[in-house]
Amino acid sequence: MRKDLVIIPEDRPGELARIGEAAGEAGLNIEAFSAFTGGGKGIIHLLVDEDSRALEVFTSAGFEVKAARSVVVVDIDDQPGALGATCRALAEAGVNIEQAYLSAKSQLVIICDDNEGAKAALGLT
């Protein structure tokens with residue numbers, strides 16, 4: 001099961017750059033991320049290729065990983081209506097999406113209340 005890592009640094013210039021540099025220097029690939037700010041903090045969600053090693057890398061770089069939540073990752077067509085169809089399948093299965101973001105490879109990263117139900121609804125094994 002893949003993990004969404006959450007880092008909440010101070011809201012100041014260069015924090016996302018530091019995260020990217022730490023990953024790059026360690027040879028970690030950031031496959032997807034979501035970043036925004038609020039209340040003087042940054043909130044960064046990361047999907048990396050090696051989540052267990054990423055915990056060590058980011059901690060060594062001075063970041064506290066606040067959470068590492070299991071996620072469902074599904075390929076999604078890059079065309080109109082694909083997001084709606086994917087999310088409708090989850091809704092009809094009673095799965096509540098708590099957060100979602102896209103990767104550079106047109107994969108939808110889904111944080112939800114029922115990973116097994118989501119995988120079943122989306123035909124993932």
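Residues are numbered from 1 along each chain as its sequence is written, and side-chain values use heavy atoms, with hydrogens and water left out. Because the model is predicted, local features need pLDDT of at least 70 and side-chain atom pairs count only at pLDDT 80 or more, while totals for chains, interfaces and linings use all residues.

Me: At what angle do the axes of helix α1 and helix α2 cross?
Reply: Helix α1 covers residues 15-26 and helix α2 covers residues 51-60; helices here are DSSP runs of H or I with at least four residues, strands are runs of E with at least two, and both are numbered from the N terminus. Axes are lines fitted to C-alpha atoms, for helices over the stretch in contact, with angles from 0 to 180 degrees between N-to-C directions. The two axes come within 10 Å, and the crossing angle is roughly 120°.

Me: Which residues of α2 meet α1?
Reply: Contact means heavy atoms within 4.5 Å. On the α1 side the residues are I19, A22, A23 and A26. Their partners in α2 are R53, V57 and F58.

Me: Which residues touch the most other members of the largest nonpolar core?
Reply: A nonpolar core is a set of buried Ala, Val, Leu, Ile, Met, Phe, Trp, Tyr and Cys residues joined through side-chain atoms within 4.5 Å; buried means under 20% relative accessible area, exposed over 50% and partly exposed in between, with a 1.4 Å probe and protein chains only. The largest such core has 14 residues. Those that touch the most other members are L5, I7, I19, L46, A54 and F58.

Me: What does F58 contact beyond its neighbours within four places in sequence?
Reply: F58 belongs to the largest nonpolar core and also meets α1 from its place in α2. Leaving those neighbours aside, its contacts are L5, I7, I19, A22, A23, L46, F63 and V65.

Me: Is G42 buried or exposed?
Reply: G42 is found in strand β3. Not counting residues up to four places away in sequence, G42 touches I7, I8, P9, E10, D11, F36 and T37. With a relative accessible area of 6%, G42 is buried.

Me: What is the phi of S106?
Reply: S106 is in the loop between β5 (97-102) and β6 (107-112). At 25% relative accessibility, S106 counts as partly exposed. Its phi is positive although the residue is not glycine, with a value near 55°.
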